[in-house]
Amino acid sequence: MNAWIRTHRHALGDALRRLAAQPGASLVAVLVIAIAVTIPVLGLALVRSVDAAVGGLDTDPHVNVFLTLDASDDDAKRVEAALRAHPQAAAVRFVPRAKALEELKATTHLAELLANLERNPLPHAFTVRTRTADPAQLAAVRTAWLQLPKVEQVSAEFEWAEKLGRWTRFAGRVLAGGAILLALAVLFIVGHLIRLQVVTRREEIEVSQLIGATAGDVRRPFLYHGALQGLAAGASALALATGLIAWMNAELSVLTSSYAYEFKVVFLDSSTVLAVALGTALLGWLGAWISVSRELRRFAGQP
Amino acid sequence: MIQFSGVTKRYPTGYEALRDVSFEVAAGELVVVTGHSGAGKSTLLKLAAGIERATRGSVVVNGQNLSSLGETALAVLRRHIGFVFQDHKLLFDRSAGENVALPLRIAGTASDETGRRVRAALDKVGLLAREKALPITLSGGEQQRLCIARAIVNRPAILVADEPTGNLDAESSRAILELFLSFHRVGVTVLLSTHDVSSLSQLGGRHLALRAGLVESAAPLGEAVPG
């Protein structure tokens, strides 16, 4: 084993000994950082869950045209021809009432209830992709199509999904800003804790420098200390977030049991988990580096 | 091995500790620096060991001009120069053995080699039995010997000692000086300071007298001071 590896092994051992020597203080420090990291981790999981849910919704501009229940296949063909002839219609998809019933059975929990019905309660329908998403133009389209024979209802319900998508994107940006602020807080916390360590060990640092320790040699154990603290805090934050998500899902399950749609908070994927753990370790390392470097400059400036 | 050429050292306070000092120390030589308090002895030794930097002139050690070295290179050079501090600079929360091991830890020496060398250094200064003792439990003479053990544990070619017998009784002083003579006899270059001129007769070697930052007298290279 060469000297370089041994100096790193010594530094790691020194950092672990220092953490173990004050278990209470180390635990509190890790928990304080962990709570700061849990907030953006949880926020990220929530935003991604909502984003995934919104991603499953159709946000392209489209209008649904529902016919009356007594509309025949011939009526539907006439309406289809009229819709296709409209200048704002980009594409027209016919949804026969039988198919609509099958889809409803497949995508909801209402299959048993629907099976007991004597007749299909759903009408023939059309989904029309429009060339515009402008509310005024869509209102004109809606009015025009409501005049067609056998048309009962015309709706443009994609707008709420589109708005929700915009809100989740906005929440993502707010979350990124918050994460940056909390990362700065982690830097500050680690830096402060390491500074206390450096001040406590000032005599040892000065003697070490006199007998040949470089600034890197002095910094090394503190960098490991900061990185280990960050890593432990990152792992604790992920554990906290997992527990909170499990609790939220249990509550959401009760809350959404009466709806056809089930919403769940999904936990972060493995690459994001790794990024959180390594990111907090890196923040700890950086906080320690800034703090030790500043203290060494301060020591050098003092008699 | 050590060459001072027109060296001046001025501290940020404006105090000039050394003025235009020039001298040479050959490999394996023993040079004793004398002078009253404030003569510049400690500054001269710190410059020779790379602990301080010259304001003007050049200090060359082992062929390396210390003025041209960066902080990291200067720190690495210090590992090859054993320095015995006037105030010992021991870590009082570490055992004697751990204090001696510090330079080896910094250099990344293997654990088994560290243990072997620490015990050898402590044995050399007569403190092997006190390896586990805390420095606070050692006498002044023993603390000084512990400091010497730390200085020699890296097997330096140059040993620099600042007033190693200061505040010691006559018997302890003789024992410490005898240690330095033993290192000199095995070829180590020794540069030490003292304000006690009576010790010169025991040490022999060459004599460099400082007064108010100036070299007052210096026996030429290779010429010993008469006993």
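Buried area is the accessible area, taken with a 1.4 Å probe, that two parts lose on being put together, summed over both. I worked on a predicted model, in which local features need pLDDT of at least 70 and side-chain atom pairs count only at pLDDT 80 or more, while totals for chains, interfaces and linings use all residues. Residues are numbered from 1 along each chain as its sequence is written, chains are lettered from A and ligands numbered from 1 in the order in which they are written, and side-chain values use heavy atoms, with hydrogens and water left out.

**Interface of chains A and B**

I looked up the buried area first. Chain B and chain A bury about 1,700 Å² between them, with 58% of it on carbon and sulfur atoms. Arg105(B), Ile106(B) and Gly108(B) supply 28% of the area that chain B buries against chain A, more than any other three residues.

I then listed contacts (heavy atoms within 4.5 Å). On chain B, 21 residues are in contact with 18 residues of chain A.

For salt bridges I used a side-chain nitrogen of Lys or Arg within 4 Å of a carboxyl oxygen of Asp or Glu. I found two between chain B and chain A. One of them joins Glu204(A) and Arg94(B), at 2.7 Å from N to O.

The largest share, five residues, comes from α3(B).

I sorted residues by class: Ala, Val, Leu, Ile, Met, Phe, Trp, Tyr, Cys and Pro are nonpolar, Asp, Glu, Lys and Arg are charged, and the others, Gly among them, are polar. The side of chain B that touches chain A has 11 nonpolar, four polar and six charged residues.

**Cavities**

I searched a 1 Å grid over the protein atoms alone for sets of points where a 1.4 Å probe fits but cannot get out; lining residues have an atom within 4 Å of a point. Points are joined across faces, edges and corners, and a volume is the space filled by probe spheres set on them. The structure holds two cavities of 30 Å³ or more.

Of its 14 lining residues, Ile211(A), Arg78(B), Ile81(B), Gly82(B) and Phe83(B) lie nearest its centre. I recorded β6 (81–84) and α5 (140–152) of chain B as the elements that give two or more residues to this lining.

Key:
Helix = DSSP H or I, 4+ residues; strand = E, 2+ residues; numbered from the N terminus. 1 Å grid on protein atoms, 1.4 Å probe; cavity = no way out; pocket = protein on both sides within 12 Å on 5 of 7 lines; lining within 4 Å.
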